[in-house]
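Subject: Structure handover

Hello,

Here is the structure I promised. Please open it next to this message. My notes follow below.

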Amino acid sequence: MVTWITLTGLVSAASVLSLTLTGPTNPLEWGAGPLTVDSLPRVTYVAHRGGAREVPENSMSGLMAAYRRGTAQVLDLDTQMLGDGTLVVLHDPTLNRTTFLGGAVRGMNVREWQGVRLRPRASLPGSWRSERPPTVAEVLDRFGGRIVLMLEAKDPHSLGRLAGLIRARGLARSVFVNSNDPEVARRAHRLGLLAQLWRSAEQLRRDRPEHWRSYVDLLDVDHRARDADLLRAVRSGIPRVWAHTVLTPAERDRALALGCDGIITDAPGRLARHPARAAQRGAMPLRA
């Protein structure tokens with residue numbers, strides 16, 4: 001069941017930033033044809049939930065802003081599944097935190113989804129309108145092949161549908177599918193997808209990442225983990241090791257110095273204003 005939450009502080013649609021995908025100020029130059037992960041730079045920046053400290057998380061306008069600004073080469077978003085099987089973009093299993101409604105996402109159908117409106121945080125810079133969270137299909141159709149995408153499958157039961165949407169658009173080499181569960185990552189690999197596995201600092205204490213290198217394309221590690229655990233991840237044989245969720249230049253520089261080759265951040269614009277210090281891969285000494 002969906003319940004209403006008081007509509008307070010609704011931002012006027014007239015004040016929305018005018019954003020389009022045509023003519024970005026600093027376009028990403030990827031060459032001809034659909035963009036794939038093979039075109040990513042040596043150190044990759046990811047706008048986590050679109051850059052949730054700078055734009056409304058998991059919103060189409062936020063993703064569009066992150067794309068236009070060109071401070072990240074990958075757009076990250078979260079996926080949930082409605083009761084009718086439609087895949088939508090939202091982090092939480094309920095509507096309460098980020099929208100003007102309450103209730104379970106899984107209890108809705110696509111028609112009811114049309115009435116959902118995001119509630120932009122007052123602390124965000126700029127002016128943002130209240131808008132419907134997009135469906136996954138809408139995001140793939142808007143950005144697929146233009147920039148690499150990272151989709152976290154919050155509902156493991158949605159993996160087959162998610163694979164169908166990605167493969168139908170020829171984006172199997174352009175989209176990472178993320179999960180915290182190694183078995184979901186294994187399933188994604190078997191479905192022909194790029195499998196991403198994220199791990200917390202606590203999980204990394206016990207993990208042996210080399211066990212996953214046959215099916216994990218991207219290991220997504222907590223930047224707060226111990227040096228020894230991050231170095232073990234970097235040396236696991238998994239092709240890409242990216243650190244989450246980085247907010248400051250110092251956090252980024254440590255992760256890069258330990259050998260991570262990607263930065264997942266809520267503030268890509270902030271990090272772009274502070275160039276990274278040069279560091280050799282895995283050069284820092286071990287600290288427990």
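What is the mean pLDDT of the chain, and what share of its residues reach 70 or more? The model is predicted. Its mean pLDDT is 89, and 85% of the residues reach 70 or more.

Strand 9 (residues 218-222) scores highest, at a mean of 99. Strand 1 (residues 3-4) scores lowest, at 47. Two stretches need care. The pLDDT is below 50 over residues 3-30, a stretch that has 55 contacts in the model beyond near neighbours in sequence. Residues 280-288 are also below 50 in pLDDT, with 26 contacts counted in that way. Where pLDDT is low, the predicted coordinates should not be read in detail.

Now the core. The largest nonpolar core holds 68 residues. F143 and L149 have the most contacts inside it. Leaving out residues up to four places away in sequence, L149 touches V74, L75, L77, V139, L140, F143, G144, S174, V175 and F176. Another core, of ten residues, lies apart from the largest one; L82, L95, V105 and V116 are among its members.

Next, the rings. A search of the whole structure gives two aromatic pairs. Y67 and F143 form a tilted pair, 5.9 Å centre to centre, with 55 degrees between the planes. Y67 is in helix 1 (residues 60-69) and F143 in helix 3 (residues 136-143), 76 residues apart, and the pair links these distant parts of the chain. Both residues, Y67 and F143, are buried.

The other pair is F176 with W242. Their ring centres are 5.6 Å apart and their planes meet at 75 degrees, so this pair is edge-to-face. F176 sits in strand 7 (residues 175-179) and W242 in strand 10 (residues 240-246), so the pair ties together parts 66 residues apart in sequence. F176 and W242 are both buried.

There is also a charge over a ring. The charged end of R119 sits over the ring of F100, 5.9 Å from its centre.

Last, helix 7 (residues 227-234). Why is helix 7 largely enclosed by the rest of the structure? Six of its eight residues are buried, so the helix is largely enclosed. The buried ones are D227, D229, L230, L231, A233 and V234. Their cover includes helix 6 (201-206), strand 9, strand 10 and helix 8 (249-257).

Best wishes

Terms used. Residues numbered from 1 in each chain as written. Predicted model: local features only at pLDDT ≥ 70, side-chain atom pairs only at ≥ 80, totals over all residues. Heavy atoms only, no water. Core = buried A, V, L, I, M, F, W, Y, C linked by side-chain atoms within 4.5 Å. Buried < 20%, exposed > 50% of the residue type's maximum accessible area, 1.4 Å probe, protein only. Contact = heavy atoms within 4.5 Å. Phe/Tyr/Trp six-rings, centres within 6.5 Å; stacked < 30°, edge-to-face > 60°. Helix = DSSP H or I, 4+ residues; strand = E, 2+ residues; numbered from the N terminus. Lys NZ or Arg CZ within 6 Å of the ring centre and 35° of its normal. pLDDT = per-residue confidence, 0-100.
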